[in-house]
Amino acid sequence: MSHTINFQQAGEQTKAVHAGERPDPATNASAPNIVMSTTYVVDAGTTFSVEGLEEDDRWIYTRWGNPTVRQLEEKLSVLEEAETAVAFASGMAAISALLLHCLKAGDHAVISDVAYAALSEATNEMIPALNIGITKVDTSDLEAVRAALRPNTRLVYVETPCNPLLRLTDIEAVAKLAHGAGALLAVDSTFATPAATKPLSLGADFVVHSLTKYLGGHGDALGGVILGGKADLTPLRKKTAIRLGGTLSPFNAWLILRGIATFPLRMRVHQENALAVAAYLERHPGVKQVAYPGLPSHPQYELARRQMHNFSGILTFQTEDGPAMARRLAEKLRIIHYAVSLGHHRSLVFYLNSRELLQSSFRFSTPEQLASWNAFAGDGVFRLSVGLEDARDLIADLEQAIG
Ligand SMILES: *Cc1c(COP(=O)(O)O)cnc(C)c1O
């Protein structure tokens with residue numbers, strides 16, 4: 001049996017099951033082994049500095065490269081149609097390595113004004129303290145992106161759909177603006193996933209995922225990845241991956257590899273369930289507003305249909321007196337867990353209070369930015385990550401809890 005599959009012609013499910021994997025040469029084991037060894041027996045002439053490291057299959061030290069982690073990187077590259085990938089211990093480890101790879105003192109970056117809270121917080125003070133200029137704009141507003149670009153802008157960083165608003169950014173249009181200004185474009189595609197959107201094919205230079213979410217899919221392993229071209233990612237691996245050391249554990253890589261085998265199947269059910277729950281919530285008299293890219297009522301439904309081939313499983317909703325409803329849900333829900341995070345097989349819900357978030361994480365400089373926040377989130381939103389349970393059970397759980 002030969003194990004070379006032409007992944008360019010294979011379907012998504014075949015890619016998810018087989019890419020990056022091959023029977024173990026020593027034992028013929030069909031499932032991948034976990035290689036937990038941190039070091040490898042090498043020749044006397046082996047390099048002791050990552051400067052001399054070549055991208056090949058000689059293993060030296062697990063922070064530099066590990067066979068199980070490499071299998072995951074290969075699988076992700078095939079799914080995202082990327083030349084290569086570098087895996088990290090978490091989504092934030094990937095994001096911070098990417099920022100420090102692309103930006104140095106004197107450079108400038110344009111960043112989504114609403115994005116994953118830890119990124120927003122890191123770029124409020126920590127990154128500017130390195131003498132890197134940061135401008136935060138609503139990246140769904142192309143004029144705002146254009147106006148923010150400067151001669152020293154090296155990076156435009158967007159998150160679409162963004163966490164927690166579910167506001168979208170037109171990747172193709174922003175890629176043109178960024179490239180016209182001599183900057184690179186990075187897209188955090190954690191919410192969309194490769195089942196919905198392939199940002200590299202739309203002109204992005206880097207894609208980032210928190211593997212902790214849909215790709216791992218089971219809420220039991222943190223991980224992150226950057227995907228893109230070798231010209232960028234080979235030096236990135238040497239510098240900000242190996243030297244800063246946010247290395248993914250081989251055990252987590254193995255769990256995530258296993259999770260990805262069912263990734264396309266899971267995304268179909270996440271979407272189907274989210275559509276059913278979103279439609280139920282939209283009809284509920286106690287619910288003021290629902291945001292889900294798959295609903296015609298989403299303000300950017302046209303862009304969602306063009307850019308997302310799967311609407312994914314996250315929706316937000318608003319009720320009167322969010323804090324009181326949050327206490328009710330935390331107490332009464334039986335199936336849905338009141339917890340942060342998203343993209344797991346278990347449904348999760350969490351209340352995000354606008355007043356608190358606008359103080360701690362998101363700092364707006366224009367009235368338009370605040371108006372856009374208010375249009376999507378009002379006083380606060382419940383972020384519901386719709387899992388893989390039966391939709392009717394989830395709806396019944398919400399019904400008995402919301403009342
Ligand atoms: C969770 C998340 C991250 C951070 O990932 P971790 O694995 O928790 O570090 C980054 N971006 C988005 C959009 C996320 O949802």
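Reader: Hi! Which atom of Met 92 is 2.8 Å from an oxygen atom of the ligand?

Author: Hello! A polar backbone atom of Met 92 sits 2.8 Å from that ligand oxygen. Keep in mind that this is a predicted model.

Reader: Thanks! And what do Thr 212 and Lys 213 do there?

Author: Both use side chains. Thr 212 has a polar side-chain atom 2.7 Å from an oxygen atom of the ligand, and for Lys 213 a polar side-chain atom is 2.8 Å from a ligand oxygen.

Reader: How much of the ligand's accessible area does the protein cover?

Author: On its own the ligand has 380 Å² of accessible area, and the protein covers 94% of that.

Reader: Which residues come nearest to the ligand?

Author: There are 14 residues around the ligand, and those that come nearest are Gly 91, Met 92, Asp 188, Thr 212 and Lys 213.

Reader: How do the residues of that shell divide into nonpolar, polar and charged?

Author: Seven are polar, four are nonpolar and three are charged.

Reader: Which helix gives the most to the shell?

Author: That would be helix H3, residues 91–102, which supplies three residues.

Reader: Let's zoom out. How is the chain divided into domains?

Author: Domain 1 covers 12–260, and domain 2 covers 263–402. Their centres, taken over C-alpha atoms, are 26 Å apart.

Reader: How many residues are in contact between the two domains?

Author: On the domain 1 side there are 45 residues, in contact with 41 residues of domain 2.

Reader: And what area is buried between domain 1 and domain 2?

Author: About 3,500 Å², with carbon and sulfur atoms giving 60% of it. The size of an interface is often given this way, as the accessible area lost when the parts come together.

Reader: New topic: which peptide bonds are cis?

Author: Two to look at are the bond from Thr 160 to Pro 161, with omega near -15°, and the bond from Asn 163 to Pro 164, with omega near 5°.

Reader: Where are Pro 161 and Pro 164?

Author: Pro 161 is in the loop between strand S4 (153–159) and helix H6 (171–180). Pro 164 also has its place in the loop between S4 and H6.

Reader: Last one! What is the phi of Glu 81, and where does Glu 81 lie?

Author: Glu 81 has a phi near 55°, a positive value in a residue other than glycine. Glu 81 is in the loop between helix H2 (67–80) and strand S1 (84–88). Most residues other than glycine have a negative phi, and most peptide bonds are trans.

Technical notes:
Residues are numbered from 1 along each chain as its sequence is written. This is a predicted model: local features need pLDDT of at least 70, side-chain atom pairs count only at pLDDT 80 or more; totals for chains, interfaces and linings use all residues. Side-chain values use heavy atoms; hydrogens and water are left out. A residue is near a molecule or strand if one of its heavy atoms lies within 4 Å of it. A polar contact is a pair of N or O atoms within 3.5 Å; within protein, one must be able to donate a hydrogen and the other to accept it, and residues adjacent in sequence count only if both atoms are side-chain atoms. Accessible areas come from the Shrake-Rupley method with a 1.4 Å probe; for residues, only the protein chains shown count as cover. Helices (H or I, at least four residues) and strands (E, at least two) are DSSP runs, numbered from the N terminus. Ala, Val, Leu, Ile, Met, Phe, Trp, Tyr, Cys and Pro count as nonpolar, Asp, Glu, Lys and Arg as charged, and the others, Gly among them, as polar. Domain bounds come from an automatic or database domain assignment. Contact means heavy atoms within 4.5 Å. Buried area is the accessible area (1.4 Å probe) that two parts lose on being put together, summed over both.
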